[in-house]
Amino acid sequence: VFSGVVRTENNGGFASVRTRSLEPRLDLSAGSGLRLRLSGGAGLRYKVLLRTDPAFDAVGYACSFDTSKLSENEWEEVEIPFASFKPVFRAKTVPADEAPVLDPSNICSVQLMLSKFEYDGELNPKFEAGEFELRIASMEVYSEGEVDGEEGGAPRFVYVSSAGVTRPNRPGINVDEEPPAVKLNDALGGILTYKLEAEDLVRRSGLSHCVVRPCALTEEDEGADLVVSQGDTIRGKVARQDVASFIASAVMGEVPSSLGATFELGTTQPFPVPYVAGEGEGARTGEEWEEALRRANVRPGVTGKTVDGKYTATMTEEEAAAAEEEEARSPQDAWYSW
């Protein structure tokens, strides 16, 4: 968190935070720029500075970026190409013949700044004096052409939840027939309830993501026949190694059907019978995981939650709302629409 109070009296008007001189230096040359995941920027304009000279008062490379006015739980991502950084000294640009372009393979310090000054005497048009708080979840290198979001590529966040998270409040369910975590949810402090809330945070975060809900986790060998499902109805067990194998394949971009999806993962192996892998069996490949999700017709937006007292099953919340609206239409309405 970069926070404080900026005052403009007595030639003030800026605040900054800076890393110590880094050894070894950062080599960021494999990427095209920096990606910052932010919240709390309140619509202000900040600067990020990269330094290649360890001297405290030396030329740095700066680029300004704007933030949005977001609610407390909302996040945004800002991408800053390395080509946009310009050499500066005390908010004044340095001519090209006096300073080389930024060398991203030789970064010795990173700095964030909020200042009333832009560059060369210009004022920051999105500056406000007073308290500020910029929350930074991550700062990473990105590459041009990398795929993100819901169309291809890899989920940047895989959240391991639990099968059964939507069942404690589902209408018409017989809790006594459910696994222990569902039956004892209240006695266990609402553990499944909190896991579902965490899922919702991930789904609202804006990150490309995947939520996997394994059944009971075991220390058995991986490789048992899989059950992949949506709607949060399955019971059973699955090896921890299977879950780890899926996560590794997903984040490597080998399971594109997982992007934006929430699904349950189990196996057909009976509970009392431990699964023992056959000779030569190993971890599933990304292609095998992708095929498993495709066979199950896994879709983004399906959560199995109960919304306004209605279980959404294998529909998205939008589809469930549309179905309820259609069901509520009177015969006369239907006649007129026909």
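Predicted model: local features only at pLDDT ≥ 70, side-chain atom pairs only at ≥ 80, totals over all residues.
1. Start with the nonpolar cores. The largest one has 28 residues, and Phe65 and Phe85 are those with the most contacts inside it. Strands β1 (2-6), β3 (33-39), β4 (45-51), β5 (60-66), β6 (76-81), β9 (109-115) and β10 (130-142) each put at least two residues into this core. Another core, of 17 residues, lies apart from it; Val158, Val212, Phe246 and Leu265 are among its members.

2. Phe65 is worth a click. Leaving out residues up to four places away in sequence, Phe65 touches Leu36, Leu38, Leu44, Arg45, Tyr46, Lys47, Val48, Val78, Ile80, Leu112 and Leu134.

3. Next, Thr262, which sits in strand β16 (residues 262-267). Is threonine 262 buried or exposed? Its relative accessible area is 1%, and buried means under 20%, so threonine 262 counts as buried. The side chains of threonine 262 and arginine 203 are joined by a polar contact of 2.9 Å. Beyond four places in sequence, threonine 262 touches Glu199, Arg203, Val211, Arg213, Gln230 and Val302.

4. Now the surface. Leu184, Leu188 and Ile191 make a nonpolar patch of about 260 Å². Leucine 184 belongs to the loop between α1 (180-183) and α2 (191-204). Why is leucine 184 called partly exposed? Its relative accessible area is 42%, and partly exposed covers values between the 20% limit for buried and the 50% limit for exposed. As background, nonpolar side chains in soluble globular proteins tend to be buried together.

Methods
Residues numbered from 1 in each chain as written. Heavy atoms only, no water. Patch = residues over 30% accessible without salt bridge, like charges linked within 9 Å, V, L, I, M, F, W, Y side chains within 5 Å. Areas by Shrake-Rupley, 256 points an atom, 1.4 Å probe, with all protein chains shown as cover. Salt bridge = Lys/Arg side-chain N within 4 Å of Asp/Glu carboxyl O. Helix = DSSP H or I, 4+ residues; strand = E, 2+ residues; numbered from the N terminus. Buried < 20%, exposed > 50% of the residue type's maximum accessible area, 1.4 Å probe, protein only. Polar contact = N/O pair within 3.5 Å; in protein donor to acceptor, adjacent residues only side chain to side chain. Contact = heavy atoms within 4.5 Å. Core = buried A, V, L, I, M, F, W, Y, C linked by side-chain atoms within 4.5 Å.
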